[in-house]
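Hello,

Here is the structure I promised to pass on. Have a look at it first, and my notes follow below.

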Amino acid sequence: MKRQTIRDVAAAAGVSIATVSRTLAPDKAGRVAEGTRRLVFSAVETLGYRTNHAARSLKTRSTRTIAIVAPELANDFFMDLAEGMEGELDAHGYTLLIASSANSDEEERKRLSVLADRMVDGMVVIPAGPRGTHLKALTGRGVPVVLVDRLVEGVDLDAVLSDNETGAFELTRALLSDGYRRIAFVGGDITISTARERLSGFGRALAEGGIRPEPDWIRLGGMGMEDGYRGMDAILQSRRRPEALVAVNLLVHLGMERRLLEQNQRSRGTEAMVIAGFDETAYTPFLPACRYTAAQDAAGMGKQAVQRLLERIALKKNSAGPEAVEESAGGQIIRLPVKIIRHRPEPFLKPWF
């Protein structure tokens, strides 16, 4: 069976090939009168025409795709972020590609290079490490890039972040308001801007409360579940234990809860501890030690990142070439507020199973 072409659609609809092309282009369809659009789409349906996306991409130098590269896909925050992006991209006729760097700078470089070779129109990156030299090389190739959640050194890019410092400050202050004075901080790679900002907010709240943090209660490390487990284990082994803890993110929080549950199984008389941590999820109410969470607007961050990226893509189309993308890389930082949510008023003193 003969494959129908755009010329066939134009003949069937009684319009020009250029009109069909505009009608089928998501970013140009608004320029076509409604009546004409109905004629074109009716012809498309009747003929069973399918757009040759490969040919269109070669002609327009646009694949109508945006990529997001995240450190890991197991974290609910990153998936909520991707959902926010996808909704906004769909409204503008773009498709989302998702890749993971597995928390590796080297893997991040590989993923970015492959995606650039596949001609994605732009990228949203949650950096795996603190340096962004490879991101600068990417913008030099003419690929618009927006950072989300984390900043990097060595490159001046647009970024959409949570107000991490204020969020950690408010989490810690909430614990202080409940009467807790012995408060620990668990998790966070200090080379990552998000962790630094949250540790800073924690320290500021203690300082304003007239409390000097105990060095043994600052348990830094990574951002994963095992890091939270190890940090909690070290605190439980200390001679003097804290009453409350601030978790740097959800995965660390989960690791801490797991270690506390094990402790409660072994020692029914263990003094209860409460946890305040970043990231609210549907299963937060099932975390026995959770007292407060800082809810980030992940979907809102994704939406704003897409809006900023689409502005960069439009700028590239109207510019003289890739050089203009690099020169206008910007560096505008948008910070979204977090909401502090209070959970159960009292911690579980005994195992609940």
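Arginine 230 and aspartate 227 sit three residues apart in helix 10 (residues 225–237), so about one helical turn separates them. Helices here are DSSP runs of H or I with at least four residues, strands are runs of E with at least two, and both are numbered from the N terminus. This is a predicted model, in which local features need pLDDT of at least 70 and side-chain atom pairs count only at pLDDT 80 or more, while totals for chains, interfaces and linings use all residues. Residues are numbered from 1 along each chain as its sequence is written, and side-chain values use heavy atoms, leaving out hydrogens and water.

Arginine 230 and aspartate 227 form a salt bridge, with their closest N and O atoms 2.8 Å apart. The term means a side-chain nitrogen of Lys or Arg within 4 Å of a carboxyl oxygen of Asp or Glu. Shared partners also join Asp158, Arg308, Glu311 and Arg312 into one salt-bridge network.

The whole structure has 23 salt bridges. Another pairs aspartate 178 with arginine 342 at 3.1 Å between the closest N and O atoms. That pair links distant parts of the chain, 164 residues apart: aspartate 178 lies in the loop between helix 8 and strand 6 (183–186), and arginine 342 in strand 12 (residues 339–342). Arginine 342 is partly exposed at 43% relative accessibility (buried is under 20% relative accessible area, exposed over 50%, partly exposed in between, with a 1.4 Å probe and protein chains only).

In helix 12, the buried residues include Ala298, Gly300 and Arg308.

Best wishes
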